[in-house]
Amino acid sequence: PSQSAVQIARMRQTALIGSVDRLFTLSGGGLRARVTPMTNGERRFRVSTPTAVAAVRGTMFATSYDPATQATLTGVTEGKVELTDAASHRMLALPTGFGAHAGDEAPHPLLAAPELVDGGRIQNQPRLAFAVKPEAGANGYALSIARDAGFIDVLDEARSATPEASFDSLPTGTYFVRAA
């Protein structure tokens with residue numbers, strides 16, 4: 001996502017044993033990844049923040065780190081992630097549909113994705129505006145707009161405390177919006 005700071009800390013392959021080690025450091029903002037399932041135990045994909053490490057083995061997940069509060073939050077939409085708290089070294093297994101803050105005692109179920117209100121309507125105003133049906137228990141909403149249904153080419157993202165968000169205008173065309 002925009003305004004995120006991610007560094008490739010390690011990208012190493014050892015041909016002799018087929019090991020691959022990928023380590024990304026997230027110092028602010030967020031990171032979403034779709035990781036190909038790894039059948040070899042010598043293959044690792046990790047995301048490190050100052051307060052936690054998320055170790056992944058074939059999954060779709062998102063993690064974020066807020067430097068102001070030093071909070072790491074990880075959510076899993078497919079597969080599983082092991083979230084290890086940097087201070088206590090306690091590992092928490094996060095299955096599909098669950099998330100946790102670093103240091104949590106147990107994973108929490110993720111809320112269902114909110115439903116767009118009239119998402120297919122024609123947008124002809126200076127700003128693109130979207131609304132979602134409010135979800136009980138939601139602290140905020142995140143919307144993304146992309147050129148493709150797989151959200152490979154994300155054009156913009158917006159976060160809002162309310163169930164409404166807007167984006168800068170885009171050229172006429174077909175775009176895809178998703179909400180969380």
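Trainee: How many cavities of 30 Å³ or more does a search of the whole structure find?
Mentor: Keep in mind that this is a predicted model, where local features need pLDDT of at least 70, side-chain atom pairs count only at pLDDT 80 or more, and totals for chains, interfaces and linings use all residues. Residues are numbered from 1 along each chain as its sequence is written, and side-chain values use heavy atoms, with hydrogens and water left out. On a 1 Å grid over the protein atoms alone, a cavity is a set of points where a 1.4 Å probe fits but cannot get out, with lining residues having an atom within 4 Å of a point. At 30 Å³ or more, the number of cavities found in the whole structure is one.

Trainee: What volume does the largest cavity have, and which strand gives the most to its lining?
Mentor: A volume here is the space filled by probe spheres set on the points, which are joined across faces, edges and corners, and for the largest cavity that comes to about 50 Å³. Its lining includes Leu83, Thr84, Asp85, Met91 and Leu92. Strands are DSSP E runs of at least two residues, numbered from the N terminus; strand 7 (80-85) and strand 8 (91-95) each supply at least two lining residues. With three residues, the top contributor is strand 7.

Trainee: How does that lining divide by class?
Mentor: Ala, Val, Leu, Ile, Met, Phe, Trp, Tyr, Cys and Pro count as nonpolar, Asp, Glu, Lys and Arg as charged, and the others, Gly among them, as polar. On that scheme, the lining of the largest cavity has four nonpolar, three polar and three charged residues.

Trainee: Which residue of strand 8 stands opposite Glu82?
Mentor: Two strands pair if DSSP finds at least two bridges between them. Strand 7 runs antiparallel to strand 4, with five bridges, and there Glu82 is the bridge partner of Ala55. Strand 7 also pairs with strand 8 in the antiparallel sense over five bridges, and these two form a hairpin with five residues between them, where His89 in the turn has a positive phi of about 60°. In strand 8, the residue opposite Glu82 is Ala93.

Trainee: Which residues make up the covered face of strand 7?
Mentor: In a regular strand the side chains alternate between the two faces of the sheet. In strand 7, Lys80, Glu82 and Thr84 form the uncovered face. The covered one is Val81, Leu83 and Asp85.

Trainee: In the largest nonpolar core, which residues touch the most other members?
Mentor: Such a core is a set of buried Ala, Val, Leu, Ile, Met, Phe, Trp, Tyr and Cys residues joined through side-chain atoms within 4.5 Å, buried being under 20% relative accessible area with a 1.4 Å probe, protein chains only. Among its 18 residues, the ones with the most contacts to other members are Phe45 and Phe61. Strand 2 (19-35) gives the most to this core, with five residues.

Trainee: What is the order of the open sheet of three strands?
Mentor: Strand 13 (residues 141-146) and strand 16 pair in the antiparallel sense over four bridges, with Ile145 opposite Val177. The edge strands, each pairing on one side only, are strand 14 (154-160) and strand 16 (176-179). The order is 14-13-16.

Definitions and conventions. On a 1 Å grid over the protein atoms alone, a cavity is a set of points where a 1.4 Å probe fits but cannot get out, and a pocket is an open set with protein on both sides within 12 Å along at least five of seven lines; lining residues have an atom within 4 Å of a point. Buried means under 20% relative accessible area, exposed over 50%, partly exposed in between (1.4 Å probe, protein chains only).
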